[in-house]
Amino acid sequence: MNESLALIARLKRIATTGMPTQGDGRADDAWLTQGMAKAQLHEIFATVDDSASGAGFAIASVLAAKAAPVMWLRTEASERQGGRLHATGLVEMGLDVTSLVLGLVEDEASLLRAAADAARCHGLGTLLIESWGRAPKIDLTATRRLMLAAEASGVTILSLRIGAESVPSAAASRWQVAACRSRPLEADAPGKPAFDIELLRRRGGQAGLRWRVEWDRDAHIFDQTAFASGDSPALPGAGVPVAADRAAADDAAAFVRRTG
């Protein structure tokens with residue numbers, strides 16, 4: 001009850017004074033080894049074709065931040081469109097699946113109600129909210145509430161937006177994720193998961209940065225040195241292209257494989 005009253009009081013203050021201006025004071029590339037800033041809301045956008053890469057990037061970010069346990073909330077529609085989570089794929093990313101709790105809810109309204117409850121759970125490391133398409137209920141008001149809950153509880157919230165357009169929100173950062181071609185290992189073994197990443201927005205920091213990285217599941221870091229001899233791993237300026245051609249995406253590993 002006291003926690004709910006405190007949240008209501010903060011919402012009233014924000015209604016008159018606006019959102020707090022907190023930001024991530026770390027270096028622009030700190031996320032490579034430390035994951036995303038904790039106790040904040042972050043948005044991850046991916047196209048429908050890159051949905052597995054978006055999910056893989058989200059899980060890798062959890063591991064880099066050492067922010068387990070994880071609660072993954074998704075709707076029944078997400079389950080139908082994206083398929084069931086594939087435990088083997090999660091293990092290949094380096095996740096201990098015993099640290100993951102999956103919540104399947106009926107619709108978008110139920111998703112936000114469950115997220116509001118989970119975000120206040122101090123024992124949770126990360127809350128991952130998966131939505132597909134426009135998801136109009138995940139608006140500025142809803143994201144403000146989630147951000148406040150994250151600040152109060154210390155839980156990091158990742159909003160995985162598949163096939164959605166970027167709209168105004170209270171998220172501390174916003175990311176666009178696509179697959180890129182993995183580098184083959186010895187004997188033509190499948191390469192490590194590889195991503196093209198663009199930082200679309202970062203409160204209190206620079207946006208429009210791009211990276212091409214591999215996920216190192218043993219060290220739990222994003223490795224940008226693998227592409228140092230080719231494309232620049234961090235490209236300032238939103239207008240600078242980093243190619244993620246269709247062939248590359250088609251060949252990339254599905255980190256959270258669609259089944260069923």
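Buried means under 20% relative accessible area, exposed over 50%, and partly exposed in between, with a 1.4 Å probe and protein chains only. The views show a predicted model, in which local features need pLDDT of at least 70, side-chain atom pairs count only at pLDDT 80 or more, and totals for chains, interfaces and linings use all residues. Residues are numbered from 1 along each chain as its sequence is written, and side-chain values use heavy atoms, with hydrogens and water left out.

**View 1. Lys66 in the loop between H3 and E2.** Helices (H or I, at least four residues) and strands (E, at least two) are DSSP runs, numbered from the N terminus. Lys66 counts as exposed because its relative accessibility is 67%, and its phi is positive, about 55°, although Lys66 is not a glycine.

**View 2. The cis peptide bond between Ala68 and Pro69.** Omega of this bond is about 0°, and Pro69 lies in the loop between helix H3 (51-65) and strand E2 (70-75). Most residues other than glycine have a negative phi, and most peptide bonds are trans.

**View 3. Strand E1 (residues 41-46) and the directions of its residues.** Because 6 of its 6 residues are buried, E1 is largely enclosed by the rest of the structure. Leu41, Glu43 and Phe45 point one way from the strand, whereas His42, Ile44 and Ala46 point the other way.

**View 4. The pairing of E1 with E5.** Two strands pair if DSSP finds at least two bridges between them. E1 and strand E5 (residues 156-162) run parallel and are joined by 6 bridges, and Arg161 in E5 is the bridge partner of Phe45.
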